[in-house]
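Morning, everyone. I'll walk you through one chain today. Please bring up the model.

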Amino acid sequence: MKLTRKKSSTVDTLFLLALLCVFLISALFVVLFGAHIYKQTIRDTSDNFTVRTTSAYITEKLRRFDSADNITITTQSSGSVVALRQTTEGHTYVTYLYFDESALKELTILDGSEFLRSAGTPILELHGFNAEEISPAFYAFHITDTNDNTTTFYVSAANGQTGR
């Protein structure tokens, strides 16, 4: 029995080459599409982390004070400053929460000491922070994350309610 080998034609070779190109282009689109989705997911996760961490941090700080009389918000040209007063062992300390140098900062000093914005400890990187007292013991906080998305959340210092 004699085996004969069929000669491949140019059309067969071109068809295989075209099939390989379609496969490679499809694989490239899948990788690019996956990279775009991954990038979007990372950005959303980062934004969500910033918003949730900031709101939880501020809410916890305000809830530590049993009276809204110990919480004051002042608006300065450089932004809002939240002052939280607490008396410990006969000394009154003030904890300031404020926005400076693209970050939410915290500074705790003795009452009556000079408040220096640059002396605070950076907590989270933000692009904006404002606070306002809506009614006694009810506060609104507006934060702008690093992607310039603004979120507002509310905290009630008196009964521990918070909303978004």
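First, a term: a residue is called buried when its relative accessible area is under 20%. Now apply that cut-off. Phenylalanine 129 has 3% relative accessibility, so it counts as buried. Keep that residue in mind.

A word on what you are looking at. This is a predicted model. The chain averages a pLDDT of 87. Of the residues, 90% score at least 70. Confidence is highest in strand 4, residues 103-110, at a mean of 94. It is lowest in strand 9, residues 162-163, at 45. Over residues 159-164 the pLDDT is below 50. Beyond near neighbours in sequence, that stretch still has 15 contacts in the model. Where pLDDT is low, though, predicted coordinates should not be read in detail.

Next, helix 1. It has 54 residues. From first C-alpha to last it reaches 79 Å, close to the 80 Å expected at 1.5 Å a residue. Which residues of helix 1 are buried? They are Asp47, Thr50, Val51, Thr54, Ser55, Ile58, Thr59, Lys61 and Leu62. In general, an α-helix has 3.6 residues a turn, so residues three or four places apart point the same way.

Now the core. The largest nonpolar core has 20 residues. Leu62, Ile71, Val82, Phe129 and Phe141 touch the most other members. Several elements give two or more residues to this core, among them helix 1, strand 6, strand 7 and strand 8. There is also a second, separate core of 8 residues. That one includes Ala83, Tyr96, Tyr98 and Phe115. Three of these names, Tyr96, Tyr98 and Phe115, form one aromatic cluster.

What does it touch, leaving out residues up to four places away in sequence? The list includes Ile58, Leu62, Val82, Phe129 and Phe153.

Phenylalanine 129 and phenylalanine 141 have ring centres 6.2 Å apart and planes at 25 degrees, so the pair is stacked. One lies in strand 6 and the other in strand 7, so the pair ties together parts 12 residues apart in sequence. Then take phenylalanine 141 with phenylalanine 153. Their centres are 5.4 Å apart and their planes at 20 degrees, so this pair is stacked too. Here the link runs from strand 7 to strand 8. Phenylalanine 153 is buried as well, at 2% relative accessibility.

Last, charges. The structure holds 4 salt bridges. Lysine 61 pairs with glutamate 106, with the closest N and O atoms 3.1 Å apart. Lysine 61 is in helix 1 and glutamate 106 in strand 4, so the bridge ties together parts 45 residues apart in sequence. Are these two residues buried or exposed? Both are buried.

Aspartate 111 and arginine 85 form another bridge, at 3.8 Å. Aspartate 111 sits in the loop between strand 4 and strand 5, and arginine 85 in strand 2. Aspartate 111 is partly exposed, at 40%. Arginine 85 is partly exposed too, at 30%.

One more bridge joins lysine 105 and glutamate 101, at 3.2 Å. Lysine 105 is buried, at 3%, whereas glutamate 101 is exposed, at 59%. Salt bridges with shared partners join Asp100, Glu101 and Lys105 into one network.

Terms used: Residues are numbered from 1 along each chain as its sequence is written. This is a predicted model: local features need pLDDT of at least 70, side-chain atom pairs count only at pLDDT 80 or more; totals for chains, interfaces and linings use all residues. Side-chain values use heavy atoms; hydrogens and water are left out. A nonpolar core is a set of buried Ala, Val, Leu, Ile, Met, Phe, Trp, Tyr and Cys residues joined through side-chain atoms within 4.5 Å. Buried means under 20% relative accessible area, exposed over 50%, partly exposed in between (1.4 Å probe, protein chains only). Helices (H or I, at least four residues) and strands (E, at least two) are DSSP runs, numbered from the N terminus. Contact means heavy atoms within 4.5 Å. The expected span of a helix is 1.5 Å times one less than its number of residues. pLDDT is the predictor's confidence in each residue, from 0 to 100. A salt bridge is a side-chain nitrogen of Lys or Arg within 4 Å of a carboxyl oxygen of Asp or Glu. Rings of Phe, Tyr and Trp (its six-membered ring) pair if their centres lie within 6.5 Å; planes under 30 degrees apart count as stacked, over 60 as edge-to-face and the rest as tilted.
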